[in-house]
Each structure stands twice: as structure tokens, then as C-alpha cells.
Amino acid sequence: SVYLVVDIDVKDQVAYEEYRTLVPPIIEKYGGRHIDGPEDNPREGEWDLHRVVILEFPSTERATAMLISEEYAPIAAMRHRAAVSGTFIVEGV
């Protein structure tokens with residue numbers, strides 16, 4: 001498995017909620033599943049985290065395929081309008 005980790009700083013809650021209703025079927029189509037991020041984001045060191053979301057995928061290829069898919073593009077644009085975010089992929093052991 002690989003984990004797509006997303007830090008999201010929501011600026012428009014209404015628009016972001018619309019994004020959240022549309023994205024689950026696309027995540028599932030690519031074999032992904034949502035894993036809740038930590039509520040209070042406990043951490044060590046200097047981090048400026050907001051809302052952390054973790055998605056599990058069977059492979060980097062499947063996670064990347066979802067991120068660059070035509071069906072996700074308009075939904076991703078909604079997220080980009082509603083929030084500032086950063087992502088990275090971590091491979092499972």
C-alpha cells in the first residue's frame with residue numbers, strides 16, 4: 001500500500017463540503033480508501049498543519065492515476081478554489 005497524505009487549509013467551507021461529497025467515488029474507483037487523519041495533529045518539531053487527510057491506495061501508480069485523471073480534474077479544481085493544500089505519497093512497508 002501507499003498513503004497519500006494531504007494537509008488542507010480550508011478557506012471556503014461551503015465549497016469544500018461540496019468537494020467532499022463528490023470525491024469519494026473517484027477515490028474508490030482507483031482502489032483508494034479514506035483513513036481519518038489525527039484530530040489534533042500531535043507532532044514533534046515545527047509544522048504548520050491544518051486538516052490532515054490520509055488516503056490509502058494499492059500502489060503509487062493507482063494514487064497518481066487518480067490525481068491526474070480526467071474525472072478528478074474538475075473536482076480537484078473545486079478543492080483548489082476552496083482550500084490551500086499540499087500532498088505527498090508515503091510507501092507502506
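These legends describe close-up views of a predicted model. Local features need pLDDT of at least 70 and side-chain atom pairs count only at pLDDT 80 or more, while totals for chains, interfaces and linings use all residues. Residues are numbered from 1 along each chain as its sequence is written, and side-chain values use heavy atoms, with hydrogens and water left out.

**View 1. The open sheet has 4 strands in the order 2-3-1-4, with antiparallel pairing.** The edge strands, strand 2 and strand 4, each pair on one side only. On average, neighbouring strands of this sheet are turned by 25 degrees against each other, direction ignored. Axes here are lines fitted to C-alpha atoms, for helices over the stretch in contact, and angles run from 0 to 180 degrees between N-to-C directions. Strands (E, at least two residues) and helices (H or I, at least four residues) are DSSP runs, numbered from the N terminus. Two strands pair if DSSP finds at least two bridges between them. Strands of a sheet pair through backbone hydrogen bonds, either parallel or antiparallel.

**View 2. Strand 3 (residues 51–57) pairs with strand 1 and with strand 2.** Strand 1 and strand 3 are antiparallel and share 7 bridges. Val 52 in strand 3 is the bridge partner of Asp 7, and Leu 55 in strand 3 stands opposite Leu 4. Strand 2 (residues 33–36) is antiparallel to strand 3 and joined to it by 4 bridges. Here the bridge partner of His 34 is Leu 55 in strand 3. Strand 3 is largely enclosed by the rest of the structure, because 5 of its 7 residues are buried. Buried means under 20% relative accessible area, exposed means over 50%, and partly exposed lies in between (1.4 Å probe, protein chains only).

**View 3. Helix 4 (73–82) packs on the sheet, where it touches strand 1 and strand 4.** The direction of helix 4 makes about 120 degrees with that of strand 4. Ile 75, Ala 76, Met 78, Arg 79 and Ala 82 are buried in helix 4. These residues lie on the same side of helix 4, because they cover an arc of only 150 degrees around the axis. The arc is that of the directions from the helix axis to the C-beta atoms. The buried residues of helix 4 pack against strand 1 (2–10), helix 1, helix 2 and strand 4 (83–91). Contact means heavy atoms within 4.5 Å. His 80 and Arg 81 are exposed, on the face of helix 4 turned away from its buried side.

**View 4. Ala 15 in helix 1 touches Met 78 and Ala 82.** These contacts do not count residues up to four places away in sequence. Ala 15 is partly exposed, at 22% relative accessibility. The C-alpha atoms of Ala 15 and Ala 73 are separated by 16 Å, and the two residues are 58 residues apart along the chain.

**View 5. Glu 71 and Lys 29 form a salt bridge, at 2.5 Å from N to O.** A salt bridge is a side-chain nitrogen of Lys or Arg within 4 Å of a carboxyl oxygen of Asp or Glu. This pair links distant parts of the chain, 42 residues apart: Glu 71 is in the loop between helix 3 (60–67) and helix 4, and Lys 29 is in helix 2 (residues 24–29). Glu 71 is partly exposed at 28% relative accessibility, whereas Lys 29 is exposed at 54%.

**View 6. Asp 9 and Lys 11 form a salt bridge.** The closest N and O atoms of this pair are 2.9 Å apart. Lys 11 is exposed, at 58% relative accessibility. The count for the model comes to 4 salt bridges.

**View 7. Ser 69 lies in the loop between helix 3 and helix 4.** With 7% relative accessibility, Ser 69 is buried. The side chain of Ser 69 reaches the backbone nitrogen of Tyr 72 at 3.2 Å.

Technical notes: A polar contact is a pair of N or O atoms within 3.5 Å; within protein, one must be able to donate a hydrogen and the other to accept it, and residues adjacent in sequence count only if both atoms are side-chain atoms.
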